[in-house]
Amino acid sequence: MNKEKIVAIISAAILLFLCLWLSFGNKKSGKTEYDVVFFGDSVIAGDHYHDSVPEYLSQFTGLSVLNAAFGGTKMSLGNPHDSYVDYSMFFSGASLSYMVRSGDFSALLSACDENDERVCKVASGLADTKWSKVKYILLEQCTNDYINGVAVENSNDIFDATTFGGALRCTILNLQKALPNAKIVLVSPIYCAIQGYEGDCLSHDFGGGVLTEYIVKEKEIAEEYGLLFINNFEEVPINASNYKEYLGDGLHENDEGTQIIARNIAKYIVN
């Protein structure tokens, strides 16, 4: 066998080894690259009857989107009187941001319940994300703070994470520290008129104020940190006169409503 053939065989063997090694290495890392990670509540998370806002957002923009939203969660940290205390300590915006900053999702994974696939799906999705590649973090957690009567802000401590405003500030700072190259986008909730209660989100106060007070604070904090604020409450055409067409229970949207929300967000991300 001449020298040229030996060199060719050795080169082919090295190339094959590198291809196998790279393939194995990528599978072994188990990390998935996403353009967008979307933190939110049930309005964002979706249900079994139609695609979610993140799924439609991916369709409308062509970006890969991780749906890290979970129903019933708030921006603020939980408390003993919180009706969603079982998972709020793990899935609140503030808690998730601390996990992203530390890179440790073990507490979240420990919350996995084989009887609740949602918990494990979101937990594993976050733990398996290649965070250095994320371009956008979208934050839409506000409605459950309103429903649970969480204080909008603590004037004596604007970083009090048991309040909506304090938790939002802590979340922003944690994400900026962890992901300096990602753009953080604040997304307001939409209009709601929850069944079983008098009035709607413009008039009913659960203890912390009406929903628009939280949205005003959210917009204020977005300006404070120089972040993009998408005001779904004003821009999405779901309101007191037509909400029954889109919100079956006055809170959660149908498929048409989901697409409207996703399209409004998509126009900002595309631009």
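Reader: What gives the most to the lining of the largest pocket?

Author: In this predicted model, that is α7, which supplies six residues of the lining. A pocket here is an open set of points on a 1 Å grid over the protein atoms alone, where a 1.4 Å probe fits, with protein on both sides within 12 Å along at least five of seven lines; a lining residue has an atom within 4 Å of a point.

Reader: Before I go on, what should I know about the numbering and the pLDDT limits?

Author: Residues are numbered from 1 along each chain as its sequence is written, and in this predicted model local features need pLDDT of at least 70, side-chain atom pairs count only at pLDDT 80 or more, and totals for chains, interfaces and linings use all residues. Side-chain values use heavy atoms, with hydrogens and water left out.

Reader: Back to the pocket, then: how many residues line it, and which lie nearest its centre?

Author: The lining of the largest pocket has 31 residues, and those nearest the centre are Ala-45, Gly-46, Asp-47, Asn-67 and Arg-118. At least two lining residues come from each of α2 (42-45), α3 (53-61), β2 (65-67), α7 (117-127) and α8 (143-147). Helices (H or I, at least four residues) and strands (E, at least two) are DSSP runs, numbered from the N terminus.

Reader: And how does that lining split by class?

Author: It has 13 nonpolar, 11 polar and seven charged residues, where Asp, Glu, Lys and Arg count as charged, Ala, Val, Leu, Ile, Met, Phe, Trp, Tyr, Cys and Pro as nonpolar, and the others as polar.

Reader: Zooming out, how many helices and strands are in the chain, and what share of the residues is buried?

Author: The chain has 12 helices and five strands, and 48% of its 271 residues count as buried (under 20% relative accessible area, with exposed being over 50% and partly exposed in between, for a 1.4 Å probe and protein chains only). Among contacts (heavy atoms within 4.5 Å) between residues at least 6 apart in sequence, 69% join residues at least 24 apart.

Reader: Which residues have the most contacts inside the largest nonpolar core?

Author: Those are Phe-39, Leu-126, Trp-131, Leu-138 and Ile-265, in a core of 80 residues; a core is a set of buried Ala, Val, Leu, Ile, Met, Phe, Trp, Tyr and Cys residues joined through side-chain atoms within 4.5 Å. Helix α9 (residues 164-178) contributes the largest share of this core, six residues.

Author: Asn-264 counts as buried because its relative accessibility is 7%, and its place is in helix α12 (residues 255-270). Its side chain makes polar contacts (N or O atoms within 3.5 Å, one able to donate a hydrogen and the other to accept it, with residues adjacent in sequence counting only if both atoms are side-chain atoms) with the side chains of Asn-232 at 2.8 Å and Glu-235 at 3.2 Å.

Reader: Changing topic, how many residues of helix α5 are buried?

Author: Helix α5 (residues 93-102) is mostly covered, with seven of its 10 residues buried, including Gly-93, Ser-95 and Met-99. After α5 comes Gly-103, which has a positive phi near 75 degrees.

Reader: And where is Ser-92 found?

Author: Ser-92 lies in the loop between α4 (85-91) and α5, and it counts as buried because its relative accessibility is 0%. The side chain of Ser-92 makes a polar contact of 3.0 Å with that of Ser-95, and, leaving aside neighbours within four places in sequence, Ser-92 is in contact with Lys-74, Met-75, Ser-76, Leu-77 and Gln-141.

Reader: What does the side chain of His-204 reach?

Author: It reaches the backbone oxygen of Glu-198 at 3.1 Å, from the loop between β4 (183-187) and α10 (211-224). The C-alpha atoms of His-204 and Ile-147 are 9.5 Å apart, although 57 residues separate them along the chain.

Reader: Last one: which side chain does Glu-153 join in a polar contact?

Author: The partner is Arg-169, at 2.4 Å. Glu-153 sits in the loop between α8 and α9 and is partly exposed, with a relative accessible area of 27%; its C-alpha is 5.3 Å from that of Thr-163, 10 residues apart in sequence.
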